[in-house]
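This report describes aromatic rings and their surroundings in one structure. The sequence and the model are shown first.

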Amino acid sequence: MTKPFDEIEIGETLELGQHTFTQDEIIRFAEQFDPQPFHLSEEAAAATHFGRLCASGWHTASVFMKLWVARHKELVAEMLADGQTPAKMGPSPGFEDLKWIKPVFAGDTLRYKRIVTGKTESRSRPEWGLVHSDMLVVNQDEKLVFSFKGTVFVERR
């Protein structure tokens, strides 16, 4: 989202990329940040309601942020290469309606995207606008596994 607020259209979709969650990666993340049994080993997970090793929801969210930043950097570089000036972005006043809908198991490949759902002119910062988006993540079966609503300030021109 490097376009200025005024040029962003509701309904715009931005593909952020995809990520395959491996057993080793799931366990490493869990050991450091979310040491619940169903994230730490196949054996421990087998005795839980998940039945097998699954990624922490915070892991899926962290991958979202990694892909979002990487995609944004790519878009900025493309604009600069075309002689355009990217709009400034940020900060985000927050998110809402965070949902971990389905478990993410070792071997699952998730695809991340953002869809613009609304825009609000900032009354307190007239040089900025707020862009509202649905952040959606689907697995290899096209099943929604993770979502949230995000908002970010974007520069106006």
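## Charges over rings

The charged end of Lys119 sits over the ring of Phe5, at 4.6 Å from the ring centre. A second case involves Arg52, whose charged end lies over the ring of Phe105, 4.0 Å from its centre. A charge is taken to sit over a ring if NZ of Lys or CZ of Arg is within 6 Å of the ring centre and within 35 degrees of the ring normal.

The model is predicted: local features need pLDDT of at least 70, side-chain atom pairs count only at pLDDT 80 or more, and totals for chains, interfaces and linings use all residues. Residues are numbered from 1 along each chain as its sequence is written, and side-chain values use heavy atoms, with hydrogens and water left out.

## Aromatic pairs

The structure holds 10 aromatic pairs. Rings of Phe, Tyr and Trp (its six-membered ring) pair if their centres lie within 6.5 Å; planes under 30 degrees apart count as stacked, over 60 as edge-to-face and the rest as tilted. One of the pairs joins Phe38 and Phe50 edge-to-face, with 4.8 Å from centre to centre and 65° between the planes. Phe38 belongs to helix α2 (residues 37-40) and Phe50 to the loop between α3 (42-46) and α4 (57-81), so this pair ties together parts 12 residues apart in sequence. Helices (H or I, at least four residues) and strands (E, at least two) are DSSP runs, numbered from the N terminus.

Phe38 is buried at 12% relative accessibility, whereas Phe50 is partly exposed at 28%. Buried means under 20% relative accessible area, exposed over 50%, and partly exposed in between (1.4 Å probe, protein chains only).

## A stacked pair and a cluster

The ring centres of Trp100 and Phe146 are 6.2 Å apart and their planes are at 10°, so the pair is stacked. Trp100 is in strand β2 (residues 94-100) and Phe146 in strand β5 (residues 144-155), so the pair links parts 46 residues apart in sequence. Trp100 is partly exposed, with 40% relative accessibility, and Phe146 is buried, with 1%.

Both residues belong to one aromatic cluster, formed by Trp58, Phe64, Trp68, Phe95, Trp100, Tyr112, Phe146 and Phe148.

## Surroundings of Leu67

Leu67 is found in helix α4 and is buried, at 13% relative accessibility. Not counting residues up to four places away in sequence, Leu67 touches Leu16, Gly17, Gln18 and Tyr112; contact means heavy atoms within 4.5 Å. The C-alpha atoms of Leu67 and Phe148 are separated by 15 Å, and the two residues are 81 residues apart along the chain.
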